[in-house]
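Here is a friendly walk through the structure, moving from helix packing to ligands and then to the backbone. Keep the 3D view open as you read.

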Amino acid sequence: MGKITFEVMKKTVEQTIVAPATPHGTSALAVIRVSGPETRSILRKMFHCESPTPRMATLAVARHPETQKKLDSLLYIFYAAPNSYTGEDSLELFPHGNPLIVRSLIDAMCSLENVRIAYRGEYTKRAFLNGKMDLVQAESVADVIHSQTLSALDNAHKLLSGKFSKDVHELAHKLKDISARIELEVDFVEEEADPDFAGWKDRFSEIQEKVKDLIRHFKNSGAINKKPRIVLYGAPNAGKSSLLNALLKENRVLVSDIPGTTRDFIEVSLPLPSGEATLIDTAGIAEVAQNALDERSMEKSVEAIESADLAICLVDATQANTAEAQKQIAEAKEKGHWIVYSKIDLAGNAPIPSDVTLTLSSKAGTGLSELVQMLDKALFPEGETSDEYWITSERECAALREADAGLDRIQTLLDTNPAVELIAFELRSVANSLAEIVGEISSEDVLQTIFNGFCIGK
Ligand SMILES: Nc1nc2c(c(=O)[nH]1)N(C=O)[C@@H](CNc1ccc(C(=O)N[C@@H](CCC(=O)O)C(=O)O)cc1)CN2
Ligand SMILES: Nc1nc2c(ncn2[C@@H]2O[C@H](COP(=O)(O)OP(=O)(O)OP(=O)(O)O)[C@@H](O)[C@H]2O)c(=O)[nH]1
Ligand SMILES: [Mg+2]
């Protein structure tokens, strides 16, 4: 499908859309969103409200437009175009959170002419088409909703607030600036010397560096939402399972004084101050396996350690001076793992070597809050103050790569004393790639793909 500008598509929006904005199910309240030209007539026919005050929460009885049957008593807020999320007349209903009520309100509204259920992402699509946000921001709305970690959420908020959009606009502006200079220079030097190709190359390089930098800041949503993995390992009986229980403040996994209690590794979610981590308890690793099952358990522990973002070698403080423990500590140190002494309540006043990250007792509860703080700091280092952001959309990254390729072609052209028309042609293609990112140029099928990934009601 060819590319059309959003000026053309704007005219295709005329139906009024309705959808629940909250999940299906029983809750204290539900939210229903309405947007489009029939909004005021819905208020008239169902709420007997002739001239709504915009942005004021109003208590009213909702009635069926035909039968006048009472559907619920609820609060609503009316938004007058263009001062709404979508830029159209909009309405939010806050009924009691009974799915029967939600259903009957939506059915009642959809019985009116030109009112229908919204497609996925249609509110945000309309917000985009009405110029309320650009395409990067529209895509980031889905990230804001689906972020699984606080850092992913922080990033999504940066994209929604337009940090990336601003950088794209700055690049587009610089490109325009060069185009203008090139045209000027070409007119000027026409009969005399060659144009200043070397000077142009530098300016293009500067832009291309920034484009490449943005491409490096791409992380797909799987990667950005990945919970960091903390693996607890160590000798049998070191106290790994006890530590997991102590960190979770519940008896989640089996603990006993029999070495080899844990067999399979066990993954649990560990909430830390800045986000969730996955905590993995493993079977103890002994110097020699007692049997085939023991051997298999230990292999699985090693697999788990290899998957770790942070591995903690837990050492029973009362056993720390044995040859076996010393060997394990040396290996752990080599691999950059943390060395943590457990059962410190039993250790007396024995000196603690300086390479020990931390000492704790799951039984007495000492050292646990320090461990939580250290884990938090190590796994969630970036503060919200950083200006850095990750691009999470494949589409946006692909457009950046196209821009990069176009800039490559321009650089090659400039090496061969080109016709200026050729450069101008490539310049337009780079400018188009940048315009596609923020959606200044877009096609209906691209929009379709983007907004189909959204929830109903968003
Ligand atoms: N009740 C409610 N809460 C919500 C939303 C919503 O649509 N409704 N949002 C939906 O995502 C998010 C907030 N985002 C919003 C963005 C713009 C506008 C809006 O009305 N914009 C108008 C007026 C701006 C103003 O008064 O400053 C505009 O842009 O013209 C509303 C919500 C989260 N919470
Ligand atoms: N005094 C004291 N005992 C502890 C502490 N932590 C664990 N223990 C005891 O040490 C024994 C082994 O604890 P577990 O947590 O099962 O050890 P593990 O490392 O998971 O052992 P395996 O699963 O067999 O590898 C149990 O009897 C615990 O009660 C502690 O901080 N202080
Ligand atoms: Mg265990």
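## Helices H14 and H15

In this predicted model, helix H14 (residues 394-414) and helix H15 (residues 420-438) have axes that come within 8 Å and cross at roughly 165°. Angles over 145 degrees count as roughly antiparallel, so H14 and H15 are roughly antiparallel to each other. Their crossing is left-handed.

To find the contact on screen, pick out Glu396, Ala399, Glu402, Ala403, Gly406, Leu407, Arg409, Ile410 and Leu413 on the H14 side. On the H15 side, they meet Leu422, Ile423, Glu426, Leu427, Ser429, Val430, Ser433, Leu434, Glu436 and Ile437. Sorted by class, the contact of H14 with H15 has 11 nonpolar, 3 polar and 5 charged residues.

## Helices H8 and H14

H14 also packs with helix H8 (residues 197-216), at an angle of about 160° and with the two axes 10 Å apart. H8 and H14 are therefore roughly antiparallel to each other, and their crossing is left-handed.

From H8, the contact takes in Phe197, Trp200, Lys201, Phe204, Ile207, Gln208, Val211, Lys212, Leu214 and Ile215. Their partners in H14 are Cys397, Leu400, Arg401, Ala403, Asp404, Leu407, Ile410, Gln411 and Leu414. The class count for the contact of H8 with H14 is 13 nonpolar, 2 polar and 4 charged residues.

## Helices H4 and H5

Now turn to helix H4 (residues 122-129) and helix H5 (residues 135-146), whose axes come within 9 Å and cross at roughly 165°. That makes H4 roughly antiparallel to H5. Here the crossing is right-handed.

Thr124, Ala127 and Phe128 in H4 meet Leu135, Ala138 and Val141 in H5. This contact has 5 nonpolar residues and 1 polar residue, with no charged residues.

## Domains

How does the domain assignment divide the protein? Domain 1 spans 3-131, domain 2 is made of 138-221 + 388-437, and domain 3 covers 229-379. Taken over C-alpha atoms, the centres of domain 1 and domain 3 are separated by 54 Å.

## Around the ligands

Which residues are around ligand 1? They are Tyr79, Pro82, Asn83, Ser84, Tyr85, Glu92 and Lys132. By class, this shell divides into 3 nonpolar, 2 polar and 2 charged residues.

Ligand 2 is surrounded by 23 residues, and the closest are Gly239, Ser241, Ser242, Thr262 and Gly284. Helix H10 (residues 240-248) gives the largest share of the shell around ligand 2, with 3 residues. The class count for the shell around ligand 2 is 6 nonpolar, 12 polar and 5 charged residues.

## Backbone details

Two spots in the backbone are worth a visit. A cis peptide bond joins alanine 81 and proline 82, with omega at about 0°. Proline 82 lies in the loop between strand S5 (70-79) and strand S6 (90-94), and Pro82 is also one of the residues around ligand 1.

The other spot is histidine 48, in the loop between helix H2 (39-47) and strand S4 (58-63). Phi of histidine 48 is near 50°, a positive value in a residue other than glycine.

How values were computed
Residues numbered from 1 in each chain as written. Chains lettered and ligands numbered in written order. Predicted model: local features only at pLDDT ≥ 70, side-chain atom pairs only at ≥ 80, totals over all residues. Axes fitted to C-alpha atoms, helices over the stretch in contact; angles between N-to-C directions. Helix = DSSP H or I, 4+ residues; strand = E, 2+ residues; numbered from the N terminus. Parallel < 35°, antiparallel > 145°, perpendicular 65-115°, else oblique. Left-handed = near helix turned anticlockwise from the far one by under 90°. Contact = placed C-beta atoms within 7 Å. Nonpolar A, V, L, I, M, F, W, Y, C, P; charged D, E, K, R; others polar. Near = placed C-beta within 6 Å. Domains from an automatic or database assignment.
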